[in-house]
Amino acid sequence: MLAPLNIAFRPFHKERPWRNAVMIFLLTTLFYSIGAMLRLVEELSLFWPLNAVMAGVFARYSWLNRLHNYAICYVAMLVYDAMTTTWGATSLVINLSNMVFILTVALLIVGDKKRPERRTLPINALRIFNYCLLGALGCALVGAFASVGIDELTFWPLYADWFSEQFSTGVLILPCVLTLTWPRWVMPFRVEHLLPIAALVTSLVASVAIGGAGSLLFPLPALIWCAVRYSLLTTALLTFLTGALEIILVANGTINIFVASPLQMPRMFSARLGIATMAICPIIVCVSVNAINTLMKQVSLRADFDFLTRVYSRSGLYEALGRERRTEARHLTVMLLDIDYFKNINDSYGHECGDRVLTTFAQKIQQTVGDSGIVARMGGEEFAVVATTQDPHQGFMLAERIRCAVEAHPFRWQQQTLFLTVSIGVSSGTTQSWELTERFNKLLAEADEYLYQSKKAGRNRTSAREGQSPTESLTNETEQQSV
């Protein structure tokens, strides 16, 4: 199920029960008054947002699911009725029907979130659909029974009205409440971003102009377009606004689903159920798109990064180089590093120790390189560093800092302290962005040759092309002065 998102302002706090109680009372009163202002036929409401909103609140903040909090919600309803109606004792049963919906939906969602296999899943629109269906069935049974005494309609027309209203508002509002967060614009605004909304407005105008039962489905393609282009919250809000507007337009006769027919309960029953069924489609599409995007990111992350050391993998390194968009020429230093006698660590202390050494080693390299380059595991105990440097000497000195940092760092395993050394081969050259990958391959092959020289010369050393080492340059200058 959908987990609560982090928002800057939290109306509820786990450690402040009194503030929670006040907020529950105020929210209940607010949405009760909104529903009361949308009376359709005598005491029956055209649109009743209270139950879906409060069910979403209790489901989102699972620690609010306490008997006293539900009691506060119920008392707030009774207080409002006592001040605005003459229902008397009947109000106890009518508001009990509201609590049936709130309790049923909230407890089902909270119970679903507690299941280990579903805890990390995104919102499941079909389960929301089913939970609203169950909540509406129970609510309608109690509400219709209580309304018979205050309305001229018989039980079954009242049951149809209660059920369709609770079901439609639940499907429309719950996804909004469960995904509500402060809006954040994460991309530059372009006019084409408004095209799905423009299509949605056009489809609503067409629904009014053409009429008929099928006109209620005109916005569906535009809503699915919105689901593909926008976030889940935006899609849920647009779906809610569209569904609520259609219900109001049908009730007022602006959308004639049965031409020349007076407003009747069966008509509203059919319209509400049709709109609720339509509303679930874009939510399902949006959730599916989000799930696919998340899966693609996870697959990309696993392909681009080494699972053990958390640095780039070999393929990830090439992907990172391919994303470079610099136009000016730059000096590139490529290093190939190999941990000395790593096989002895695995043989003496086990592979678990070897994995720990690789992880710590990679972190040490990354810490030393910082933002000046990227680190990748090429395979086994072999790593590569690609850095932008001013000249070959700066690249060589960076490699030496890495070598000295590894040599001075104690690697701890259980009760043992291990000191490692690393052999490094360095190659440098100037490259343009359009030839970066090809140039990198040549420098990597050259660095591999100098890595072999470091191992052959006794390990724990850095080797590079003649003239790239500052020590070699100083030696050459001294020899020239002696001559």
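**Rings, charges and a strand with two partners**

The charged end of Arg 310 sits over the ring of Phe 307, 5.3 Å from the ring centre. Here a charge sits over a ring if NZ of Lys or CZ of Arg is within 6 Å of the ring centre and within 35 degrees of the ring normal. This is a predicted model, in which local features need pLDDT of at least 70 and side-chain atom pairs count only at pLDDT 80 or more, while totals for chains, interfaces and linings use all residues. Residues are numbered from 1 along each chain as its sequence is written, and side-chain values use heavy atoms, with hydrogens and water left out.

**Charge over a ring**
- Arg 459 lies over the face of Tyr 341, 4.6 Å from the ring centre.

**Aromatic pairs**
- Rings of Phe, Tyr and Trp (its six-membered ring) pair if their centres lie within 6.5 Å; planes under 30 degrees apart count as stacked, over 60 as edge-to-face and the rest as tilted.
- A search of the whole structure finds 13 aromatic pairs.
- The ring centres of Trp 156 and Tyr 159 are 5.7 Å apart and the planes are at 70 degrees, so this pair is edge-to-face.
- Both residues, Trp 156 and Tyr 159, lie in helix H6 (residues 155-179), three residues apart, about one turn of the helix.
- Helices (H or I, at least four residues) and strands (E, at least two) are DSSP runs, numbered from the N terminus.
- Trp 156 counts as exposed because its relative accessibility is 61%, and Tyr 159 counts as buried because its value is 17%.
- Buried means under 20% relative accessible area, exposed over 50%, and partly exposed in between (1.4 Å probe, protein chains only).
- Phe 163 and Phe 167 form a stacked pair, 5.8 Å centre to centre with 5 degrees between the planes.
- Phe 163 and Phe 167 also lie in helix H6, four residues apart, about one turn of the helix.
- Phe 163 is buried at 10% relative accessible area, and Phe 167 is buried at 4% relative accessibility.
- Phe 12, Tyr 61 and Trp 63 form one aromatic cluster.

**Strand S5 and its partners**
- Strand S5 (residues 382-389) is mostly covered, with six of its eight residues buried.
- Two strands pair if DSSP finds at least two bridges between them.
- Strand S3 (residues 330-339) runs antiparallel to S5, joined by eight bridges, and Leu 336 stands opposite Ala 384 in S5.
- Strand S4 (residues 373-379) also runs antiparallel to S5, joined by six bridges, and Ile 374 stands opposite Val 386 in S5.
- S4 and S5 form a hairpin with two residues between them, and Gly 380 in the turn has a positive phi of about 60 degrees.
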